[in-house]
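Here is a short briefing on one chain and its ligand. Please keep the viewer open while reading.

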Amino acid sequence: MRSYKTNEIKNIALLGSAGSGKTTLAEAMMFEGGVIDRRGEVASKNTVSDYHKIEHQYESSIYSTVLYTEFLDKKLNIIDTPGLDDFCGGVITALRASDTGIIVINAQHGVEVGTDIMYRYCSQHGKPVIFAINQLDSEKANFENTIDTLKANYGANKVITVQYPISTGEGFEAIIDVLLMKMYKFKGDNGEREILDIPKDELEKANELHNILVEAAAENDEALMELYFDKGTLNETEMRKGISAGMAQRGLFPIFCISARRNIGTKRLMEFIINVAPYPNEVKLAKTEKGEEITCDSKGPVSLFVFKTSIEDHVGEISYFKVRSGTLTEGTDLINSNTQAKERMTQLFVVAGKNRVKVSQLEAGDIGAAVKLKNTKTNNTLNAPGNDWKYEAIKYPNPKFRTAIKTVKDGEEEKLSEVLTKMHGEDPTIVVEYSKELKQVIVSGQGEHHLNILKSQMTNEYKLETEFIAPKIPYRETITKIAQATYRHKKQSGGAGQFGEVHMVIEPFFEDMPKPTVFKVNNSEIKVNVKHEDIQNLPWGGKLVFYNCIVGGVIDNRFMPAILKGIMEKMEEGPLTGSYARDIRVALYDGKMHPVDSNEISFKLAGRQAFREAFKNAGPKIMEPIYNVEVRVPSDYMGDVMSDLQTRRAVVQGMSSEKGFEVIKARVPLAEMNKYSTALSSITGGRAMYSMEYAEYSQVPSDIQEKLLKAYEEVEE
Ligand SMILES: Nc1nc2c(ncn2[C@@H]2O[C@H](COP(=O)(O)OP(=O)(O)OP(=O)(O)O)[C@@H](O)[C@H]2O)c(=O)[nH]1
Ligand SMILES: [Mg+2]
């Protein structure tokens, strides 16, 4: 394949709700460009894009797939993405590498939750959007309704009709194009078309829409606006320029009509993309972590950003990258600025699914792949030697679903960890945590379906049987009032004995508390004089402050670390439920030593037991993690979603309406969010979405504390 220049390349992402027809459209585009000579079908498991076994099994895309085609002597890089929000990692990845989002809509359903999610991702990433109204050949297609909702949601003066169908359903065969003021008429299923004059009875409507389009095109460019006022119209080239500017500013979202399955309208959509969508050097500049803006210039120093990694049978790891600057040639040595490793770019490829075509060079703006890089992962930057740019890492959404996982057979823990590392590499939205605290391996993802797919891939592709178990909650323990305890550890057994006695006061810790001078506890006063203060920032959050207030050397200083160690042991395994304790201060003010029998073990045990007793009398409380949860739900389901939240001990913080959705913000204990994504989906028929983020620890209500205490006692027994 020949090498393409920066201004001969267009990068698009196909986005849209599940089943809208993205993969089918990608297939038609590659057919039009001649990359394939027969169009596959998702249901026949023979599309270029859905090539993974798991995609065949579900007949739907799970991963984002990099594809390309050559068209009108330009190169069109296409990234086909999965529609289900469980796999949004693929969408985020695609948005990083592409310059324009093509949002595919199933005209049978109109604007779906998935459509809105994709629109919002494009907004967040500042990408121009084209709406492709698909499946216009199906009987239930409703074009007008779809347009009305698009206009209502995204702006009546921004969503602009470039094409409309003369009729939909079985008879869908003609499209009026109000940019070219022509009619496209299709024959057969291979995209064959005739370009005709607009029939008389459509002229009035077409003219009206043409004028709206001209005005919208002029609106985003001052010079064009003047021209438009002078002439009262714009020619085709001027319109393209205006539409392009409008798209770049996200002030204009053009509408196209297609049937991906029957290959109607695909070619015209591709022509528009090639002629009007931005080139890689016409969009926002790529930024490095330090905030430097890098120009997409093929003459600059070579730098590339790895946006995706996959593992393929018989090949191993493939790194997909976008050349951000310079011209990358085969055999070049680059430096990974994240790992400092040297990488030789022995072979360069352009890819269409699992098919790779070798190329000798790739210019700034192009997308390519390399195999078996030694030390390079997703999100890394490779630079020409001497340069240390690091492009901003892709930020994935927080996990929405967590579960603990274990292998069915014992002894396969290491394999589990290897497989999980690989799967996280391919899909960074799978997050793995080896929790020492919970003694569980916790995997989190974007939904229950997401993790079920993970599990099924482990079984089928890695021959590893696993099971999901309920994840434990990382509770914390603390105290609410002051308490005192004395403990004497004494043991005499033949030879050397053990002896250590400590007296301590413990109380809740707050930031900026003054050092203690006197404690009022059990109707008496204990005066203290702090000799030494030790502030421990606990690895699990919160603090332990330890005061040595010993007078007259009743306990040697050399035993202090042992006493503190004893206390820390109990902090690590709290007396109530075995969870971590936090935010406590301890004053050691008295005790006893034995000249022969005292040793570190004795004082460690004494410290531990005294702390444990004091803790139990100090109004101990269990604390639980609280999350900020935001739910977006169509108004009809608001009531049901609210009642469900109420059963989850949610505290609603606010409600607002946004573009046909209600947004609920609430604080919910993590313990109540188990399987929330599944529940929400079943309440709303998959029409809602939510996100959650850790907020703080807060005390659990007393009835729940009782239950937790009881459960712990049972385990301990
Ligand atoms: N009638 C009709 N069916 C279509 C059209 N486009 C796609 N389909 C069918 O709709 C189903 C889903 O199509 P896909 O291409 O897999 O949709 P997708 O958007 O890639 O779906 P996900 O990958 O699951 O998000 C398939 O059975 C297609 O054959 C179309 O234009 N008309
Ligand atoms: Mg698909």
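Predicted model: local features only at pLDDT ≥ 70, side-chain atom pairs only at ≥ 80, totals over all residues.

The chain is divided into five named parts, domain 1 to domain 5. Ligand 1 has 22 residues around it. Helix α1 contributes to that shell, and α1 also packs against helix α9.

**Domains**

- Domain 1 covers 6–282 and domain 2 covers 286–383.
- Domain 3 runs over 401–472, domain 4 over 477–619 and domain 5 over 622–713.
- The centres of domain 3 and domain 5, taken over C-alpha atoms, are separated by 24 Å.

**Shell around ligand 1**

- Of the 22 residues in the shell, the nearest are Gly21, Thr23, Ser60, Ser61 and Gly83.
- Helix α1 (residues 22–32) supplies the largest share, with 3 residues.
- Sorted by class, the shell holds 13 polar, 5 nonpolar and 4 charged residues.

**Helices α1 and α9**

- Helix α9 spans residues 266–276, and its axis lies 10 Å from that of α1.
- The two pack at an angle of about 80 degrees. An angle from 65 to 115 degrees counts as roughly perpendicular, so α1 is roughly perpendicular to α9.
- On the α1 side, the contact uses Leu25, Ala28, Met29 and Glu32. On the α9 side, Thr266, Lys267 and Met270 meet them.
- The residues of this contact divide into 4 nonpolar, 1 polar and 2 charged.

**Helices α6 and α7**

- Helix α6 (residues 200–219) and helix α7 (residues 222–231) have axes that come within 7 Å.
- Their axes cross at roughly 140 degrees, which makes α6 oblique to α7. The cut-off for roughly antiparallel is over 145 degrees.
- Val214, Ala217, Ala218 and Glu219 of α6 meet Leu224, Met225 and Tyr228 of α7.
- This contact has 6 nonpolar residues, 1 charged residue and no polar ones.

**Helices α14 and α15**

- The axes of helix α14 (residues 638–646) and helix α15 (residues 676–684) come within 10 Å.
- Here the axes cross at roughly 150 degrees. Angles over 145 degrees count as roughly antiparallel, so α14 is roughly antiparallel to α15.
- The crossing of α14 with α15 is right-handed.
- From α14, the contact takes in Asp640, Val641 and Asp644. Their partners in α15 are Ala679, Leu680, Ile683 and Thr684.
- By class, the contact of α14 with α15 contains 4 nonpolar, 1 polar and 2 charged residues.

Technical notes. Residues numbered from 1 in each chain as written. Chains lettered and ligands numbered in written order. Near = placed C-beta within 6 Å. Helix = DSSP H or I, 4+ residues; strand = E, 2+ residues; numbered from the N terminus. Nonpolar A, V, L, I, M, F, W, Y, C, P; charged D, E, K, R; others polar. Axes fitted to C-alpha atoms, helices over the stretch in contact; angles between N-to-C directions. Parallel < 35°, antiparallel > 145°, perpendicular 65-115°, else oblique. Left-handed = near helix turned anticlockwise from the far one by under 90°. Contact = placed C-beta atoms within 7 Å. Domains from an automatic or database assignment.
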